[in-house]
Amino acid sequence: MSEALPGLAREGSALRVTGVVTAENVVALRQQGEQEIRQAGGVLEIDLSGLETAHSVVLSLLLCWQRLALRQHCQLSFSGASERLRSLAALSNLQEQIPGFAGHS
């Protein structure tokens, strides 16, 4: 298998998510992201353009990060989400809960 493991790369005030997120590796990625959110301060953009998967595990991850950000008084925004991930969020009625997803169809 040549699936790219998921990763996070900090680029200024942005956090770039890359690779393939699965049920097997999502917990480690979630923990990495939570550490970045705690250190971010006030605002953090999460760039999803390098993400190679779009399924419910990813939505769960984004919602976990959003809940932590609210508790940490950190404003998250998500950018670069694929149409498939946006559609899945809309089908799950979650687009309003994930900043950057609302207003897209």
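Guide: At 36% relative accessibility, R30 counts as partly exposed. The model before you is a predicted one.

Visitor: Why is R30 called partly exposed?

Guide: The relative accessibility of R30 is 36%. Buried requires a value under 20% and exposed a value over 50%, so R30 falls in between and is partly exposed.

Visitor: What makes the contact of R30 and E34 a salt bridge?

Guide: The distance from N to O is 2.8 Å. The cut-off is 4 Å, so the pair of R30 and E34 qualifies as a salt bridge. Both residues belong to helix α1, where they are four residues apart, about one turn of the helix.

Visitor: Is E34 buried or exposed, and how do you know?

Guide: E34 has a relative accessible area of 13%. Buried means under 20%, and therefore E34 is buried.

Visitor: How many salt bridges does the structure hold?

Guide: There are three salt bridges. One of them joins R10 and E36, whose closest N and O atoms are 2.8 Å apart. This pair links distant parts of the chain, with R10 in strand β1 (residues 7–11) and E36 in helix α1 (residues 26–40), 26 residues apart. R10 has a relative accessible area of 36%, and is partly exposed.

Visitor: Why is the pair of R16 and D47 said to tie parts of the chain together?

Guide: R16 and D47 form a salt bridge, their closest N and O atoms being 3.2 Å apart. R16 is in strand β2 (residues 14–19) and D47 is in strand β3 (residues 43–51), so the pair ties together parts that are 31 residues apart in sequence.

Visitor: Which labels do R16 and D47 receive for accessibility?

Guide: R16, at 26% relative accessibility, is partly exposed. D47 has a relative accessible area of 17%; the limit for buried is under 20%, so D47 is buried.

Visitor: What is the bridge partner of D47 in β4?

Guide: The partner of D47 in β4 is S79. Strands β3 and β4 run parallel and are joined by five bridges. At least two bridges are needed for strands to pair, so β3 and β4 count as paired. Together with helix α2 (residues 56–71), these strands make a right-handed β-α-β unit.

Visitor: What makes the side chains of β4 alternate?

Guide: In β4 (residues 75–79), L76 and F78 point to one face and are buried.

Methods. Residues numbered from 1 in each chain as written. Predicted model: local features only at pLDDT ≥ 70, side-chain atom pairs only at ≥ 80, totals over all residues. Heavy atoms only, no water. Salt bridge = Lys/Arg side-chain N within 4 Å of Asp/Glu carboxyl O. Helix = DSSP H or I, 4+ residues; strand = E, 2+ residues; numbered from the N terminus. Buried < 20%, exposed > 50% of the residue type's maximum accessible area, 1.4 Å probe, protein only. Right-handed = clockwise from strand over helix to strand, strands pointing away.
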